[in-house]
Amino acid sequence: MIPLEKVGDRGFASGIIGDGLAIAPESGLVSAPVSGTVSVLFGTMHAIMITDESGINVLLHLGVNTVALRGRYFESHVRRGDFVKIGDPLITMDLAGLTAEDFDPAVLVVFPELPEPAFPEKTEVRHVERGDRLMLVCE
C-alpha cells in the first residue's frame with residue numbers, strides 16, 4: 001500500500017480529491033472494495049465510483065494520468081447501475097501495456113466526499129489480497 005501523498009498526481013497527493021490510499025497492483029484485475037452500486041464509470045475506464053448502501057462514495061482511479069490513454073489497456077466488466085459485492089471484478093488493466101508506456105499503474109482508492117465527522121481508518125497491512133479490508137469509515 002502506498003500513501004496518497006506519494007502518488008505522482010498532485011490532485012490526489014494533496015488530498016483535494018479526498019482521503020484514501022493507493023495500491024501497487026500485482027495483477028491487472030481490479031475488484032470491488034465495497035458492496036454497492038456502480039454510480040460512475042468513465043468512458044475511458046480509468047476511473048469508477050461505487051456508492052455503498054449508506055450513500056458513501058468510493059472512487060477507484062486506475063493508474064496515474066491514464067485518462068490520456070482514452071480507454072486503451074482497460075476492459076470493464078461492469079456498467080453504470082450494476083450492483084457489485086466486495087471482490088467482484090470491476091475492470092482489468094493491462095499492466096504490461098501501461099508500464100511499457102511509462103504509466104504508473106497504481107490503483108487509488110479514495111473517499112471523495114465523506115460527511116463530517118467521518119474519516120477513513122486505514123489498515124496497516126502492506127500486502128493486500130482480493131477481499132481484504134483496506135479502510136474502515138469511522139465517526
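Glu101 is partly exposed, with 33% relative accessible area; by the cut-offs used here, buried means under 20%, exposed over 50%, and partly exposed in between, with a 1.4 Å probe and protein chains only. A salt bridge here is a side-chain nitrogen of Lys or Arg within 4 Å of a carboxyl oxygen of Asp or Glu.

Before going on, the conventions. This is a predicted model, in which local features need pLDDT of at least 70, side-chain atom pairs count only at pLDDT 80 or more, and totals for chains, interfaces and linings use all residues. Residues are numbered from 1 along each chain as its sequence is written, and side-chain values use heavy atoms, with hydrogens and water left out.

Back to the salt bridge. The partner of Glu101 is Arg72, at 2.6 Å from N to O. Arg72 lies in the loop between strand 6 (57-62) and strand 7 (74-76), and Glu101 in the loop between helix 2 (95-100) and strand 10, so the pair ties together parts that are 29 residues apart in sequence. Arg72 is also partly exposed, at 41% relative accessibility.

Now confidence. The score is pLDDT, the predictor's confidence in each residue, from 0 to 100. The mean for the protein chain is 87, and 83% of its residues reach 70 or more. Strand 8 has the highest confidence, at 98, and strand 12 (residues 135-138) the lowest, at a mean of 54. Where pLDDT is low, the predicted coordinates should not be read in detail.

Next, the fold. The protein chain has two helices and twelve strands. Both are DSSP runs numbered from the N terminus: helices are H or I with at least four residues, strands are E with at least two. In sequence order the pattern is β-α-β-β-β-β-β-β-β-β-α-β-β-β.

Seven of the strands make an open sheet with antiparallel pairing, in the order 1-2-10-6-5-4-8. Strand 1 (2-3) and strand 8 (83-84) stand at the edges with a single partner strand each, so one side of each has no neighbour in the sheet. Two strands count as paired if DSSP finds at least two bridges between them.

Let me go through some of the pairs. Strand 2 (residues 19-23) runs antiparallel to strand 10 (residues 107-111), with five bridges; one of the bridge partners is Phe111, which pairs with Asp19. Strand 4 (residues 36-41) and strand 8 are joined antiparallel by two bridges, and Gly36 is opposite Val84 there. Strand 4 also pairs with strand 5, antiparallel over four bridges, where Thr37 has Thr51 as its partner. Five residues separate strand 4 and strand 5 in their hairpin, and Met45 takes a positive phi near 60°.

Strand 5 and strand 6 run antiparallel too, over five bridges, with Ile50 opposite Val58. They form a hairpin with five residues between them, and Gly55 in the turn has a positive phi of about 90°. Is strand 5 enclosed or left open by the rest of the structure? Four of its five residues are buried, so strand 5 is largely enclosed.

That leads to packing. Of the 139 residues in the protein chain, 44% are buried. A nonpolar core is a set of buried Ala, Val, Leu, Ile, Met, Phe, Trp, Tyr and Cys residues joined through side-chain atoms within 4.5 Å. The largest has 27 residues, and those with the most contacts inside it are Leu60, Leu62, Phe74, Leu90 and Met93. At least two residues each come from strand 2, strand 5 (47-51), strand 6, strand 9 (89-93), helix 2 and strand 10. A second, separate core has eleven residues, including Ala22, Met49, Val64 and Leu108.

Two residues show the contacts, meaning heavy atoms within 4.5 Å. Leaving aside neighbours within four places in sequence, Leu62 has contacts that include Val30, Ile91, Ala106 and Val107. Thr66, in the loop between strand 6 and strand 7, is buried at 0% relative accessible area. Not counting residues up to four places away, Thr66 touches His46, His61, Phe74, Leu98 and Phe103. Across the protein chain, of the contacts with a separation of 6 or more, 62% join residues 24 or more positions apart.

Last, a residue at the surface. Ser14, in the loop between helix 1 (10-13) and strand 2, is exposed, at 54% relative accessible area. Ser14 and Leu4 are 7.9 Å apart in space, C-alpha to C-alpha, and ten residues apart in sequence.
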